[in-house]
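Reader: I would like a close look at one part of this model, the salt bridge and the helices around it. Please keep it plain.

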Amino acid sequence: MSFKSNLRKSLAYKDISAKELAAKVNVPYTTILSYINSQECIPKIDIAFKIANELDVSIEYLITGDEKYNTSRRLKYLCSELSVLPISFISSFESLVHQDYFNNLFRNHLILILLFIFFVP
């Protein structure tokens, strides 16, 4: 999939208009329209980062459309499922994943592994 179709899909999923996105990432509305309507127009990395952040997706997802890069939606859902676990486990879990020496990729994988252990029969 192309950047423009992934952007359109993400805008629809978040139920946000191009005009709202432009305001939130502080770029002209016409710039966002050019990303949506032009096959060859993609943003610079700093703008792509802001767009991805606002739409709660990764830059990789916006570029490739590959769902494997779109972990933030899954993580939010899975983390909401933690409420069924004992509070002592949640506290230990939170302190573990917020350690400074864990990078984001490892932290995301750790969360997925722990949630898989507890929620998959």
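Predicted model: local features only at pLDDT ≥ 70, side-chain atom pairs only at ≥ 80, totals over all residues.

To begin with, what is the mean pLDDT of the protein chain, and what share of its residues reach 70 or more?

Author: The mean pLDDT of the protein chain is 76, and 55% of its residues reach 70 or more.

The setting comes next. The protein chain has 8 helices and 0 strands, so that its pattern along the sequence reads α-α-α-α-α-α-α-α. It has 121 residues, of which 35% count as buried. Among contacts between residues at least 6 apart in sequence, 52% join residues at least 24 apart.

Now the part you asked about. A search of the whole structure finds 1 salt bridge. It is formed by the side chains of Lys24 and Glu54, at 3.8 Å from N to O. The pair links distant parts of the chain, with Lys24 in helix α2 (residues 18–25) and Glu54 in helix α4 (residues 45–55), 30 residues apart. The pair counts as a salt bridge because the nitrogen of the Lys side chain lies within 4 Å of a carboxyl oxygen of the Glu. As a general point, side chains of opposite charge can pair when their charged atoms come close.

Glu54 has a relative accessible area of 28%, so it is partly exposed.

Glu54 also has other neighbours. Leaving out residues up to four places away in sequence, Glu54 touches Lys14, Leu21, Lys24 and Val25. Of these, Lys14 is 40 residues from Glu54 in sequence, with a C-alpha to C-alpha distance of 9.4 Å.

Lys14 and Glu54 both take part in the contact of α1 with α4. The axes of these two helices come within 10 Å and cross at roughly 35°. Leu7, Ser10, Leu11 and Lys14 of α1 meet Ile51, Glu54 and Leu55 of α4 there. By class, this contact has 4 nonpolar, 1 polar and 2 charged residues.

Helix α1 (residues 3–14) also packs against helix α3 (residues 29–37), where the axes come within 7 Å and cross at roughly 115°. On the α1 side the contact is made by Phe3, Lys4, Leu7, Arg8 and Leu11, and on the α3 side by Tyr35, Ile36 and Asn37. This contact has 5 nonpolar, 1 polar and 2 charged residues. Leu7 and Leu11 are named in the contact with α3 and also in the contact with α4.

In soluble globular proteins, nonpolar side chains tend to be buried together.

Terms used:
Residues numbered from 1 in each chain as written. Heavy atoms only, no water. Helix = DSSP H or I, 4+ residues; strand = E, 2+ residues; numbered from the N terminus. Buried < 20%, exposed > 50% of the residue type's maximum accessible area, 1.4 Å probe, protein only. Axes fitted to C-alpha atoms, helices over the stretch in contact; angles between N-to-C directions. Contact = heavy atoms within 4.5 Å. Nonpolar A, V, L, I, M, F, W, Y, C, P; charged D, E, K, R; others polar. pLDDT = per-residue confidence, 0-100.
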